[in-house]
Amino acid sequence: MWAIVFNASFITDFMAAAIRMATPLTFAGLSCTISERSGVFNIGAEGMMLSGAFVAAVGALFTGSAWIGTGFACIIGALLGLLLAVLSITLGANQIVSGVMINILSLGFTSFLSRIIMGSAITQKLPTFETWGIPFLVKIPVFGEIFFRQSPLSYISYAIAVILTFIFFKTTWGLSIRAAGENPRAVDTAGINVCLVRYICVMFSGIFASLGGAFLSVGVVRYFTENMSAGRGFIGLCIVILGKWHPLGAVLAALIFGAVDALQLRLQAFEVGIPYQFLVMLPYICGFIAISGVVGRAQSPEAVGKPYLKEN
Amino acid sequence: MPFLEMKNISKRFVDVVANDRVCFDVERGEVHTLLGENGAGKTTLMNILYGLYSRDEGEIYLDGKLVIISSPYEAIKLHIGMIHQHFMLIPNLSVTENIILGLPSSRGFLLELKKAEENIDNISRKYELRVDPKALVRQLPVGLRQRVEILKALYRKTDILILDEPTSVLTPLEVETFFKIIRRFTEDGLAVIFISHKLNEVMSISDRITVLRGGNVVGTLKKHDTDPNKLAGMMVGKEITLSLDKPCEKKGKRLLEVRGLSVNSEKGGKPLVNNVSFDIHEAEILGVAGVDGNGQGELTDAIAGLQPVSKGQILINGMDVAHLSPRKRIERKLGYIPSDRQRVGLVVDFSVAQNLVLKDFRDTPFSKQRFFLNRRQINTNAERLIKEFDIKVSHGNEKVAFLSGGNQQKVILAREISGKPDVLIAMQATRGLDVGSTKYVQERILEHREKGGATLFISTELDEIIAISDRIAVMYEGEIIGILSGGQEIDLERISLMMAGVREQKTKKSVS
């Protein structure tokens with residue numbers, strides 16, 4: 001078995017898979033990063049991702065374009081983000097409970113509608129994206145094809161991470177976002193509308209999560225199955241911690257989780273004698289290790305999870 | 001026509017009238033003080049001016065023009081700045097980031113940290129408010145954080161500066177410097193509104209003084225037309241003597257000994273309590289002075305068993321309790337009045353009677369077979385203590401949440417003192433209480449002393465510590481800088497130097 005593992009084609013194959021697995025996790029991580037930076041836990045990222053996957057699949061099925069499907073996914077993500085924002089920011093509901101509600105809602109409505117809409121079309125492969133090779137770099141032997149030929153959505157996830165980093169640390173908007181997550185009252189007294197900042201961030205959080213979902217359905221497997229997000233949105237919550245609330249940190253953390261996920265799949269194929277159910281758990285066990293602070297503890301934004309209700 | 005005028009401002013919260021047709025005005029170049037006890041409505045009035053609260057009635061005129069201020073954003077646009085009692089700073093951001101938060105930038109949405117740093121440097125040089133613009137706020141001591149707050153207001157080109165109890169975080173010496181800075185502001189034409197309940201400070205800085213009581217204006221006076229006694233009378237509404245009766249001391253055996261006690265910070269770095277040693281004898285009160293947040297809370301929590309001890313011993317009656325559970329320490333006759341009475345001292349949703357037996361409901365007579373509660377005994381106990389400690393409550397089954405702060409403190413006091421502890425820890429026992437309740441709590445603590453108990457009395461009010469203590473320890477950054485015996489003339493300057501971290505020997509050397 002080990003001979004196979006250290007075979008060159010196995011390693012390149014593994015790395016390609018790790019990067020592919022990492023893309024939805026990157027989106028989930030960025031989704032949770034932006035909402036937590038503004039002070040809101042987005043436990044609903046899982047449901048937003050699943051809804052994104054479903055809506056992207058339906059959109060692609062009817063329009064014949066993966067891109068249009070992904071556009072629809074962004075709309076549903078923004079709407080679910082808006083729902084979470086209304087519940088947890090305006091109404092001051094518990095953020096955890098609101099998020100869980102969105103997850104259950106999403107699971108229910110995607111499972112139900114997918115049977116109605118796609119019941120007969122389930123075997124039909126959905127339209128997908130052409131992969132993009134970066135000129136020149138893609139010609140590098142062995143690694144070029146792994147790192148520089150990817151789905152456009154993967155590039156979009158990296159671009160978002162870079163843009164978010166710039167916004168967070170170089171712009172007045174970013175300062176307001178970071179401050180809202182630390183001490184909303186101070187932000188309020190500085191004359192900034194805390195609710196507006198959080199609304200925008202939570203809606204973008206929804207969009208990012210649903211992009212991750214779109215990648216799952218139209219980007220990779222080219223069909224939709226019930227509960228196909230399978231906990232990736234929750235892993236986003238771990239990724240935030242491992243990435244220390246930094247967008248680029250989230251990209252790295254997602255790569256680690258992606259690698260574990262890819263490894264897990266390969267171990268299944270090799271029949272290592274461990275029931276596959278245990279192997280499937282591997283990323284989540286990694287999650288436990290990540291959040292238990294083994295990798296060095298970073299401080300979460302001080303006010304995350306606490307609704308900010310103005311007294312007047 | 002005054003520069004700023006607030007006319008007939010009223011504000012009601014659910015069940016209290018916080019401001020009742022209050023009129024207040026301030027001119028450029030003057031310090032106008034709002035004086036009153038806690039709950040008199042000073043901060044509410046200023047929160048209305050700053051747009052944090054909406055007013056129910058009344059009008060605000062600026063330069064003779066009617067203005068509507070419904071959010072801090074509008075207040076800032078009108079050049080009103082406010083330094084809140086609890087700082088509105090973000091510890092994880094830098095000084096500059098805190099100051100420019102919410103301000104537009106000339107480069108659109110891009111931050112201009114460099115330019116802002118220069119501007120901050122200019123302002124801080126002009127008013128001698130030195131602070132490193134690049135430092136993270138959490139690395140700064142409290143006094144400097146206040147500077148950041150002031151710089152934040154100045155950076156926004158403030159015409160009216162509201163200071164809500166700004167001196168509570170400063171040592172007496174720092175207060176003097178602070179007042180000098182305020183005078184620079186008024187010379188530059190700023191209108192300063194100063195909120196306080198400390199009479200001596202009010203007399204030293206104000207041009208005019210408005211006294212509030214129960215949400216009403218009692219009167220507005222020029223400083224030259226009044227004196228502290230008159231102001232105190234106006235604040236409280238009745239004559240009150242501020243002196244305490246303290247019979248002379250007798251030294252007995254040591255009841256509490258603390259040896260080399262350290263409490264480490266969870267976040268690493270300097271210990272919160274650093275190698276602290278002292279002892280307290282029978283019938284003795286050791287006062288601990290110091291600016292809030294210098295390890296006093298961690299020290300008392302460590303003695304009470306609420307915070308793990310990293311190093312050292314705590315001996316009650318000669319027995320080391322440093323690693324025993326809080327309950328075991330209570331059994332060894334320790335009483336504790338925590339600073340946060342609603343979160344630590346009481347279960348506010350429980351009744352007065354239940355709160356009074358929180359420490360011994362498991363023992364006879366309050367339980368039968370150590371399992372069933374004995375309601376009758378619990379109620380009898382409540383009736384007795386309510387009478388004995390003069391707790392203003394209709395019956396023992398009333399929820400503690402509905403009691404006033406003073407009465408809540410009396411419930412804690414009754415529970416802790418009625419257990420006849422040998423050692424009583426009183427942490428900020430009079431904070432936020434009105435003058436009457438403060439006096440009551442102090443008298444009860446003195447009574448505990450007379451009965452032979454040892455008391456550790458922690459307060460940030462220096463006057464109170466001097467009045468009540470036999471000896472005074474000064475804490476700074478987790479260490480005890482020195483212990484002064486009470487008999488000698490207490491030198492305010494000496495204590496305040498110690499509160500700022502200057503050690504005794506050093507000062508002597510530098511003087512000679």
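The buried residues of helix H8 of chain A are Thr172(A), Leu175(A), Ser176(A), Ile177(A), Arg178(A), Ala179(A), Ala180(A), Gly181(A) and Glu182(A). That makes nine of the eleven residues of H8(A), so the helix is largely enclosed by the rest of the structure. This is a predicted model.

**Around helix H8 of chain A**
- H8(A) covers residues 172-182.
- Its buried residues pack against four helices of chain A: H2 (8-37), H7 (152-170), H9 (184-189) and H10.
- They also pack against a helix of chain B, H3 (95-100).

**Chain A as a whole**
- Chain A contains 14 helices and two strands.
- Its C-alpha trace spans about 70 × 45 × 45 Å along the principal axes.
- A compact globule of 312 residues would have a radius of gyration near 20 Å, and chain A agrees because its own value is 20 Å.
- Of its 312 residues, 47% count as buried.
- Take the contacts in chain A with a separation of 6 or more: residues 24 or more positions apart account for 78% of them.

**Nonpolar cores**
- In soluble globular proteins, nonpolar side chains tend to be buried together.
- The largest nonpolar core here has 143 residues.
- The residues with the most contacts inside it are Ala53(A), Ile239(A), Leu49(B), Val192(B) and Ile193(B).
- Helix H10 of chain A, residues 194-221, gives the most to this core, with 15 residues.
- Apart from this core lies another, of 73 residues, including Ile303(B), Ile391(B), Leu413(B) and Phe457(B).
- Leu49(B) touches Met6(B), Ile60(B), Ile69(B), Ile80(B) and Ile162(B), leaving out residues up to four places away in sequence.

**Where the chains touch**
- On chain B, 20 residues are in contact with 20 residues of chain A.
- Helix H2 of chain B (residues 72-77) supplies the largest share of chain B's side, three residues.
- The residues on that side of chain B divide into 13 nonpolar, six polar and one charged.

**Strand S8 of chain B**
- Strand S8(B) covers residues 191-196, and six of its six residues are buried, so the strand is largely enclosed by the rest of the structure.
- Ala191(B), Ile193(B) and Ile195(B) point one way from S8(B).
- Val192(B), Phe194(B) and Ser196(B) point the other way.
- Strand S3 of chain B (residues 31-35) runs parallel to S8(B), and five bridges join the two.
- In this pairing, Thr33(B) stands opposite Phe194(B).
- Strand S7 of chain B (residues 160-164) also pairs with S8(B) in the parallel sense, over five bridges.
- Here the bridge partner of Leu163(B) is Phe194(B).

**An antiparallel sheet in chain B**
- Four strands of chain B form an open sheet in the order S12-S11-S14-S15, with antiparallel pairing.
- S12 (273-281) and S15 (319-320) are the edge strands, and each pairs on one side only.
- Six bridges join S11(B), residues 254-263, to S12(B).
- Glu257(B) stands opposite Asp279(B) in S12(B).

**Helix H4 of chain B**
- H4(B) has 14 residues, 113-126.
- From its first C-alpha to its last, H4(B) reaches 20 Å, close to the 20 Å expected at 1.5 Å a residue.
- Glu128(B) follows H4(B) and has a positive phi, near 55°.

How values were computed:
Residues numbered from 1 in each chain as written. Chains lettered and ligands numbered in written order. Predicted model: local features only at pLDDT ≥ 70, side-chain atom pairs only at ≥ 80, totals over all residues. Core = buried A, V, L, I, M, F, W, Y, C linked by C-beta atoms within 7 Å. Buried ≥ 20, exposed ≤ 12 C-beta atoms within 10 Å, placed from the backbone. Contact = placed C-beta atoms within 7 Å. Nonpolar A, V, L, I, M, F, W, Y, C, P; charged D, E, K, R; others polar. Expected span 1.5 Å × (residues − 1). Rg over C-alpha atoms; globule rule 2.2 N^0.38 Å. Pairing = 2+ DSSP bridges.
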